[in-house]
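Here is a short report for a reader new to this structure. Look at the sequence and the model, then read on.

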Amino acid sequence: GAPGVYTADWAVQPDGKVVIGGSFFTVGGQTRNNLARLNADGSLETAFDPSPTEQVSSIVIQQDGKIVIGGNFSQVAGVNRRRVARLNSDGSLDTTFANPVVLTLVRSVAIQGDGKVVIGGDFITVSNQTRNRIARLSANGVLDTAFNPNANGFVSAIAIQPDGRIIIGGAFTTVSGQTRNGL
């Protein structure tokens with residue numbers, strides 16, 4: 001990054017392009033708000049400009065090339081999207097992905113093998129349902145009401161194992177009522 005560019009996360013696409021997110025307003029001398037894509041040679045891809053209103057903390061590239069982002073934003077591409085959104089591969093907002101309302105920071109996003117999206121962060125509700133710091137969305141962005149691990153502190157990292165099990169890290173001491181200190 002350049003001076004004044006705080007990058008929170010990045011993801012490499014199969015074509016070698018790199019999507020970067022964080023808290024910044026310019027990349028390579030061009031205006032870019034909090035999310036940008038670099039060509040394989042490191043130059044800015046000028047057509048990619050979704051402009052989230054605030055920090056992007058987590059980026060995941062789906063197998064189909066769509067991009068799921070989490071952070072502290074309230075709009076993407078001028079449309080209300082609270083803390084989680086999915087973009088088409090060209091950077092436009094994917095309006096087929098529901099608009100789950102998350103009122104506080106999403107720190108981490110992961111995609112399961114079945115396309116479901118696991119989010120972790122500081123939140124205590126998702127789409128007006130109690131979800132303490134971790135939630136799962138269907139592949140189209142609707143809250144999975146059967147998934148509710150209930151972490152008692154923020155979740156800052158999520159990894160999906162090949163067998164589908166979910167590993168989380170953060171500032172919690174219990175998950176699902178069981179003692180789990182940070183992992």
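## Burial and a linked pair

A residue counts as buried when its relative accessible area is under 20%, as exposed when the value is over 50%, and as partly exposed in between. The model is predicted. Asp144 has a relative accessible area of 13%, so Asp144 is buried.

Asp144 has a charged partner. Its side chain meets that of Lys116 in a salt bridge, at 3.9 Å from N to O. Asp144 lies in the loop between β15 (134-137) and β16 (155-160). Lys116 lies in the loop between β11 and β12 (117-121), so the pair ties together parts that are 28 residues apart in sequence. Lys116 is partly exposed, because its relative accessible area is 26%.

## Other salt bridges

How many salt bridges does the structure hold? There are nine. One of them joins Lys66 to Asp94, with the closest N and O atoms 3.0 Å apart. This pair links distant parts of the chain, 28 residues apart. Lys66 is in the loop between β6 and β7, while Asp94 is in the loop between β10 and β11 (106-111). Is Asp94 buried or exposed? Asp94 is buried, with a relative accessible area of 3%.

Asp163 and Arg165 also form a salt bridge. Their closest N and O atoms are 3.6 Å apart. Here both Asp163 and Arg165 are exposed. Elsewhere, a network of salt bridges links Lys17, Arg37 and Glu45.

## An open sheet

Three strands make up an open sheet. Their order is β6-β7-β10, and the pairing is antiparallel. Which strands stand at the edges? They are β6 (56-61) and β10 (84-87). Each has a single partner strand, so one side of each is left without a neighbour in the sheet. From one strand to the next, the twist averages 20°.

Strand β7 covers residues 67-71. Four bridges join β7 to β10, and the two run antiparallel. Gly70 stands opposite Val84, which belongs to β10. In a regular strand, side chains alternate between the two faces of the sheet.

## The hairpin of β11 and β12

Strands β11 and β12 run antiparallel, joined by five bridges. Ile111 stands opposite Val117 in β12. The hairpin has five residues between the strands. What phi does Gly115 take in this hairpin? Gly115 takes a positive phi near 90°. Lys116, the partner of Asp144 in a salt bridge, is in the loop between these two strands.

## A buried asparagine

Asn132 lies in the loop between β14 (129-130) and β15. Asn132 has a relative accessible area of 17%, so this residue is buried.

Which residues does Asn132 touch, not counting those up to four places away in sequence? The contacts are Phe123, Ile124, Asn148, Asn150 and Ala151.

## Rings and charge

How many aromatic pairs does the structure hold? The count is zero. A ring does face a charge, however: the charged end of Arg107 sits over the ring of Phe154. That charged end is 3.8 Å from the centre of the ring.

How values were computed:
Residues are numbered from 1 along each chain as its sequence is written. This is a predicted model: local features need pLDDT of at least 70, side-chain atom pairs count only at pLDDT 80 or more; totals for chains, interfaces and linings use all residues. Side-chain values use heavy atoms; hydrogens and water are left out. Rings of Phe, Tyr and Trp (its six-membered ring) pair if their centres lie within 6.5 Å; planes under 30 degrees apart count as stacked, over 60 as edge-to-face and the rest as tilted. A charge sits over a ring if NZ of Lys or CZ of Arg is within 6 Å of the ring centre and within 35 degrees of the ring normal. Two strands pair if DSSP finds at least two bridges between them. Axes are lines fitted to C-alpha atoms, for helices over the stretch in contact, and angles run from 0 to 180 degrees between N-to-C directions. A salt bridge is a side-chain nitrogen of Lys or Arg within 4 Å of a carboxyl oxygen of Asp or Glu. Buried means under 20% relative accessible area, exposed over 50%, partly exposed in between (1.4 Å probe, protein chains only). Contact means heavy atoms within 4.5 Å.
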